[in-house]
Amino acid sequence: MSTGTEGSAQPNRFAPPTAEVADVAASGTELGGRGMRLLAVLIDGLIQGAIYWILTLVAFRSLDPRRGNFSVGAIVGQVVLGFALFVLIQGYLLHTQGQTVGKKLLGLRIVRTNGERATLGRLLGLRYLVGWIIVMIPFAGALYGLVDCLMIFRDSRKCVHDNIADTIVVKV
């Protein structure tokens, strides 16, 4: 006498899923090289740093730490000014082409992992602002910055900020 379950293959409802999950969904696109991405960040940093340095000389001359009038509010103001300056310098290119000045010079572009264009909100809010806020947290921010940089050595070349924003950097 048969119970009816011997010949049929019943799925094990406790088995792990069998779906394939790829690290990079955008196949067919050539990822930006690690060295080129580093150089692009350095170019962007030099541009931002030079302009920020000039602005702080003019606007924050009274905030000399040797005078003892350097407050937390002043530091927060400088961080806000730094991000606003970043948006002014990079915002137009990020919005129209998915590139910063450094990435444009080196032929790189930021796109979604499926190859679609990334919106300005995703780029500024998720890719950049979240990281800027986390980096401001003592110790945890430094750890985040280190891990973020080191993640580029994965096969997908995605840093933590890429994972947060669901983006990749590709060659144009």
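**Figure 1. Overview of the predicted chain.** Of the 172 residues of the protein chain, 31% count as buried, where buried means under 20% relative accessible area, exposed means over 50%, and partly exposed lies in between, all with a 1.4 Å probe and protein chains only. The model is predicted, so that local features need pLDDT of at least 70 and side-chain atom pairs count only at pLDDT 80 or more, whereas totals for chains, interfaces and linings use all residues. Residues are numbered from 1 along each chain as its sequence is written, and side-chain values use heavy atoms, with hydrogens and water left out. The protein chain has six helices and two strands, and these follow the pattern α-α-α-β-α-α-α-β when read along the sequence; helices (H or I, at least four residues) and strands (E, at least two) are DSSP runs, numbered from the N terminus. Of the contacts in the protein chain with a separation of 6 or more, 68% come from residues 24 or more positions apart, a contact being defined by heavy atoms within 4.5 Å.

**Figure 2. The packing of helices α2 and α4.** The axes of α2 and α4 come within 11 Å and cross at roughly 150 degrees; axes are lines fitted to C-alpha atoms, for helices over the stretch in contact, and angles run from 0 to 180 degrees between N-to-C directions. The two helices α2 and α4 are therefore roughly antiparallel to each other, given that angles over 145 degrees count as roughly antiparallel, under 35 as roughly parallel, 65 to 115 as roughly perpendicular and the rest as oblique. On the α2 side, V79, G82, F83, F86, V87, G91, L94 and H95 meet L120, L123, L124, Y128, L129 and W132 in α4. The residues of this contact divide into eleven nonpolar, three polar and no charged, where Ala, Val, Leu, Ile, Met, Phe, Trp, Tyr, Cys and Pro count as nonpolar, Asp, Glu, Lys and Arg as charged, and the others, Gly among them, as polar.

Figure 3. A search of the whole structure finds four aromatic pairs; rings of Phe, Tyr and Trp (its six-membered ring) pair if their centres lie within 6.5 Å, and planes under 30 degrees apart count as stacked, over 60 as edge-to-face and the rest as tilted. One of these is the tilted pair of F86 and Y128, with 4.8 Å centre to centre and 50 degrees between the planes. This pair links distant parts of the chain, F86 in helix α2 (residues 72-97) and Y128 in helix α4 (residues 120-135), 42 residues apart. Both F86 and Y128 are buried. F86 also forms a tilted pair with W132, at 5.9 Å centre to centre and 50 degrees between the planes. Since F86 lies in α2 and W132 in α4, the pair ties together parts that are 46 residues apart in sequence. W132 counts as partly exposed, at 28% relative accessibility, whereas F86 has 8% and counts as buried. F83, F86, Y128 and W132 form one aromatic cluster.

**Figure 4. The surroundings of G141.** G141 is found in helix α5 (residues 140-150) and is buried, with a relative accessible area of 1%. Leaving aside its neighbours within four places in sequence, G141 is in contact with I134 and V135.

Figure 5. R157, in the loop between α5 and α6 (160-165), has a phi near 60 degrees, a positive value in a residue other than glycine. D166, in the loop between α6 and β2 (167-171), has a positive phi near 55 degrees.
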